[in-house]
Amino acid sequence: MLLDVPGLDGASDAVRLAVLVLASRTPSETGVVEIRTPELGRWLGLSASYVASEVVPGLRRSGVVDVDTAEGDYGQDVGLKCKVLPLWDASGLIGHPLALAKKEFAVLQRLVEAVMAPGWTHRDGRVTPAGLIGTRTGRGAATDRLALLLLVLEARETGRVRQCGGTVDSKRGRAAATVARLLGCSASAGERVLERLEDRELVLRVRLKTGSGMRNRSRLMVPAVAAAHGRTVADGVQEDRAEGLEPEFSDPDGAAGPGETPEAATEAQVSGVSVTDVTEVAEPDVAATLHTDHPHLVTPVLAPALSGGFSGEGRGGSGDLPDRASVHEDGGPLRGEKPKDSPVDERVKQRDAGTGAGSRPKAAGWEKAQQQRRVGLPADLRLRVALGPVSWLWERLSGWQQDQVEAAAKAELAQLAGLGVAPEGAPRLLADRLTDRLQETGGEAMVDKPFPWLIRRGLPQRRACSHRKCDDGVLLDTGEDCENCGNVLHLRRAWRARIGADIDREQPGLADDERRRVLEERLREHTAVEAEDLAWRQEQARAERSRREAARAAAAEQAERERQAAAAADAVRQALACEDCGRGRAAGLCEACDHRHQTEALIGEAGLLAAAGSADLSDPASIAAAVAGARTAIGDSTAATWQEFLQITDAAALEADPQAAADAYAFTAFQSAQQAVGEYQDTALAMLSRTVEAEAEARRAYRAEQGRPWFRHNPSGADAVAAATKAADSARERVAEYLLAARLEQLRERAVARTERPASWTERLPGLAARPLDGDTSGAVIA
């Protein structure tokens with residue numbers, strides 16, 4: 001199950017083996033593995049530089065392992081702190097296959113050490129020998145180690161490995177097909193791996209013998225497993241027709257291994273998936289359940305005559321004809337008939353149906369991983385158009401893989417829309433991309449692994465440069481060639497020419513081969529320097545992005561604090577009583593009093609506008625008369641509007657609620673004053689537009705418009721007169737607005753000066769004389 005996580009689809013064998021090694025070395029207490037890159041390379045049989053440059057980045061890209069590194073002197077990853085995320089996520093989930101206990105971690109570690117431990121020399125001189133394949137290093141070492149580990153896990157106590165079922169390539173054999181399905185590779189690659197393991201005598205292909213001495217089917221054996229259980233493996237094995245039953249089949253607690261599933265007892269014996277020399281699909285569902293068509297040693301119906309329940313054998317036939325159904329059975333898988341359920345099948349069904357407290361529940365999401373695939377494309381029309389060129393590849397995907405491809409296609413369509421592509425054109429553009437990628441590959445028939453090809457090569461955008469809309473040198477939004485790609489190509493050619501010129505100047509007379517070698521070496525050095533510079537700039541960009549994100553987070557926190565403070569202050573203000581009338585919870589000023597204040601301000605503004613338009617600003621009496629007239633007019637308008645309101649309103653309701661009546665009257669006065677301000681402003685502008693200054697500016701604008709070059713030939717024409725009149729009107733309005741603003745400013749300054757001037761005694765004495773005296777003061781005056 002660990003090898004079947006989505007992030008390892010299409011990953012190299014070195015990355016997959018590294019995940020298993022890290023999982024085996026995971027401490028059950030912390031879940032974090034601390035290991036150095038050279039030490040991980042020794043476990044994989046690879047160099048430290050390859051692990052740092054290929055394996056560790058592969059682990060990061062997969063998303064299966066969380067890797068924190070400590071850089072060495074040259075920037076390479078030396079110290080690794082790794083967390084296998086599936087193990088971490090499964091911790092504490094009861095029944096999850098990856099929720100390992102402490103003793104299970106210990107067993108896994110001992111198994112991996114026995115298979116591929118690199119060996120150690122201790123300080124006291126003791127030597128811990130390497131594992132079975134611990135001395136295998138170099139090219140293909142990770143693949144061989146992974147294959148042997150999977151074969152050991154598949155082997156029984158006798159050392160025998162259950163082989164895959166179905167039709168296989170007769171030239172390769174069923175053993176090679178089994179290894180190929182375990183690794184998710186082609187049968188030819190599986191045969192090469194098997195041959196290398198055989199050369200090291202780690203596995204054996206044993207040909208069975210019949211009673212007549214003729215060779216029969218072959219078995220795949222792991223001698224080390226048999227030796228660990230105190231058994232031996234002979235080169236010539238007589239076919240055992242009375243093999244005893246193994247008790248683990250009826251054990252309800254036995255979890256299905258990588259080569260079986262709990263539902264295997266009800267499956268057909270012959271698999272429909274074949275492994276040929278053509279590179280096959282490494283689907284997680286196929287690689288994880290290689291033997292769903294063969295139960296692990298079923299109980300025979302008649303006399304025990306099974307050799308293990310492998311492909312090509314009947315379940316209880318006669319000894320000399322293993323492929324013929326018994327007369328006591330209604331049919332057999334090899335005859336194309338559906339057999340009746342045997343007592344063993346009934347017991348298996350009862351055990352599956354009665355899974356209770358004594359069995360391990362399935363992990364969450366297990367049924368999702370085993371769901372049936374869909375033959376047709378998704379129902380969404382946009383996805384059907386986008387995935388139309390790869391419909392045949394879609395049919396080869398499992399149900400889980402189809403869901404992943406569908407999600408990836410939706411993400412690509414959303415990304416295209418975000419890059420400026422029209423939503424209705426995005427599906428066609430994605431379909432064209434898939435068509436081009438298929439042409440590069442050579443057609444759908446050349447795609448051996450549909451799911452990794454679609455996820456990693458077919459669907460993703462491939463930017464040939466730094467332009468975000470570039471896809472294989474073409475701009476996605478316009479379909480034109482990317483200019484930035486041309487610039488990059490030009491720069492590379494320029495650098496090549498420059499480096500070549502430097503070589504010719506520094507080392508003249510070099511032979512062509514030597515010059516080419518030096519040129520390539522310097523180009524690699526230049527590329528390395530550019531890569532370092534790019535990495536530095538990316539690191540700076542990440543740091544700047546982190547700084548901006550931190551600043552935005554701090555600003556958001558500050559805004560939230562200010563909002564909370566404002567809300568608290570508003571809550572306090574809302575609880576205040578009205579300063580004028582004392583009404584409770586009026587936010588310091590009730591609605592009626594607020595309208596009265598605004599009305600007073602509007603009446604004062606209307607008075608200033610009336611004085612600015614008609615009064616003599618040098619005569620205070622004229623100004624006062626204009627202001628008083630405006631106030632009286634607004635009062636009369638308010639009274640008339642209020643009488644109209646009373647006629648259309650229930651007077652009894654107003655008398656019953658005096659506060660509502662006061663609010664209504666205040667609002668009526670406010671509206672009347674607001675309307676009067678606009679009217680007085682229009683009147684003032686109209687009067688000021690007829691002043692001498694406005695007329696003079698209008699005449700100048702009229703003449704200037706007539707003197708335009710396009711009107712000189714006919715200044716008295718209709719077009720010229722209309723344009724000049726319009727210009728004169730605009731100039732007159734501008735002068736009126738300027739005069740109004742100036743006169744209002746003058747009136748406001750006069751009002752401020754009059755307010756700040758202290759009142760004379762002549763003005764103050766009448767008010768003081770009208771004030772009543774208290775008892776003490778009056779007594780003193782009488783005395």
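**Note on the predicted model**

1. Of the protein's 783 residues, 36% count as buried, where buried means under 20% relative accessible area, exposed over 50%, and partly exposed in between (1.4 Å probe, protein chains only). This is a predicted model, in which local features need pLDDT of at least 70, side-chain atom pairs count only at pLDDT 80 or more, and totals for chains, interfaces and linings use all residues. Residues are numbered from 1 along each chain as its sequence is written, and side-chain values use heavy atoms, with hydrogens and water left out.

2. The protein has 27 helices and 11 strands; these are DSSP runs (helices H or I, at least four residues; strands E, at least two), numbered from the N terminus.

3. Among contacts (heavy atoms within 4.5 Å) between residues at least 6 apart in sequence, 59% join residues at least 24 apart.

4. Strand β2 (residues 65-71) contains Ala70. Ala70 is partly exposed, at a relative accessible area of 42%. Its C-alpha atom lies 9.4 Å from that of Arg36, 34 residues apart along the chain.

5. How many disulfides does the rule give? With a disulfide taken as a pair of cysteine sulfur atoms within 2.5 Å, the count is 0. Cys485 is in no disulfide, and the nearest cysteine sulfur, that of Cys470, is 3.4 Å away. Cys485 counts as buried at 15% relative accessibility, and Cys578 counts as buried at 5%.
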